[in-house]
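Welcome! Here is a short tour of a protein structure, with a look at its rings, its charges and its core. Take a moment to look at the sequence and the model before reading on.

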Amino acid sequence: MAHRVYRLSLSPEDLPEVKRVFDFDGRSTLADLHQQIAACYGLDDSDHLYAFFTSGRYWDKDSAYFDPRTEGRATDREQFIRLSHTTGKQLAYLLDFGTEQRYLVTVVAVTDVEQPLTEPVLVESVGEVPDESSASDAEADDDAAADPPELAPLVELAEA
C-alpha cells in the first residue's frame, strides 16, 4: 500500500529567503505542522493561539483551521491527505492574533512512498533564523543613536 508524503516549504512572510523544507506523512495534521514551525523558528506558542488558512489568505473564515484551544475547525483533526493539498498550493499560518506573526507554507511536492513517515523529516534549511533578543537589542541601539548629542541632558532629565 502506498503512503502519501507532502514536501512543504515553511518561511516567515517578511523573510521569504529563510526557509525550512520538511517531508510530512499524509496522516500528519495541521497541528503537527504548527509544532514544526514553532520548533524550527524558535516561536513561543505556550500562551498564543494560532490558525491556518488553507486558501493562503489571512483571516479567510471559509478556509480557517484554529488552535484546538479555541472554537471552530480544529487543526489537530485535519490530516494533510484529507485537505487535498496539491503542488504549488500555499497556506497561511498565523501565530498570536495580537502581534500576528505570519508564515507561508508552500506545497513543494506530493509523492507516494512504500513506507509511511513516522515523523516529519527536515529536507532543506536555507538562511539563518534571526535571534529575537539581538533584534530587540539592535532596535534599542538604534533608538539611543537617534538622539542628537545636544539633547542628551534633556533625555536624561525626561527619563528621570
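Are Tyr50 and Tyr93 buried or exposed? Both of these tyrosines are buried. Keep in mind as you explore that this is a predicted model.

**Aromatic pairs**

- The structure holds 12 aromatic pairs.
- One of them joins Tyr50 and Tyr93, a tilted pair with 6.1 Å from centre to centre and 40° between the planes.
- Tyr50 belongs to strand β3 (residues 50-53) and Tyr93 to strand β5 (residues 90-95), so this pair ties together parts that are 43 residues apart in sequence.
- Another pair brings Trp59 and Phe97 together: the ring centres are 5.3 Å apart and the planes meet at 65°, so the pair is edge-to-face, as planes over 60 degrees apart are counted that way.
- Trp59 sits in the loop between β3 and β4 (64-66), while Phe97 sits in the loop between β5 and β6 (101-113), so the pair ties together parts that are 38 residues apart in sequence.
- Trp59 counts as partly exposed because its relative accessibility is 41%, between the cut-offs of 20% and 50%.
- Phe97, with a relative accessibility of 28%, also counts as partly exposed.
- Ring pairs also build a cluster, linking Tyr41, Tyr50, Phe52, Tyr93 and Tyr103.

**Charges over rings**

- Arg73 places its charged end over the ring of Tyr65, at 4.3 Å from the ring centre.
- Arg102 places its charged end over the ring of Tyr58, at 4.1 Å from the ring centre.

**Helix α1**

- Helix α1 covers residues 30-40, and its buried residues include Leu30, Leu33, His34, Ile37 and Cys40.
- Just after α1 comes Gly42, which has a positive phi of about 60°.

**Nonpolar cores**

- The largest nonpolar core has 25 residues, and Leu8, Leu10, Leu33 and Ile37 have the most contacts inside it.
- At least two residues of this core come from each of β1 (3-12), β2 (19-25), α1, β3, α2 (80-83), β5 and β6.
- Helix α1 gives the most to this core, supplying six residues.
- Which residues does Leu33 touch, not counting residues up to four places away in sequence? Leu33 touches Leu8, Leu10, Phe24, Phe52, Phe80 and Val105.
- A second, separate core has six residues, among them Ala51, Phe53, Tyr58 and Leu94.

Methods:
Residues numbered from 1 in each chain as written. Predicted model: local features only at pLDDT ≥ 70, side-chain atom pairs only at ≥ 80, totals over all residues. Heavy atoms only, no water. Phe/Tyr/Trp six-rings, centres within 6.5 Å; stacked < 30°, edge-to-face > 60°. Helix = DSSP H or I, 4+ residues; strand = E, 2+ residues; numbered from the N terminus. Buried < 20%, exposed > 50% of the residue type's maximum accessible area, 1.4 Å probe, protein only. Lys NZ or Arg CZ within 6 Å of the ring centre and 35° of its normal. Core = buried A, V, L, I, M, F, W, Y, C linked by side-chain atoms within 4.5 Å. Contact = heavy atoms within 4.5 Å.
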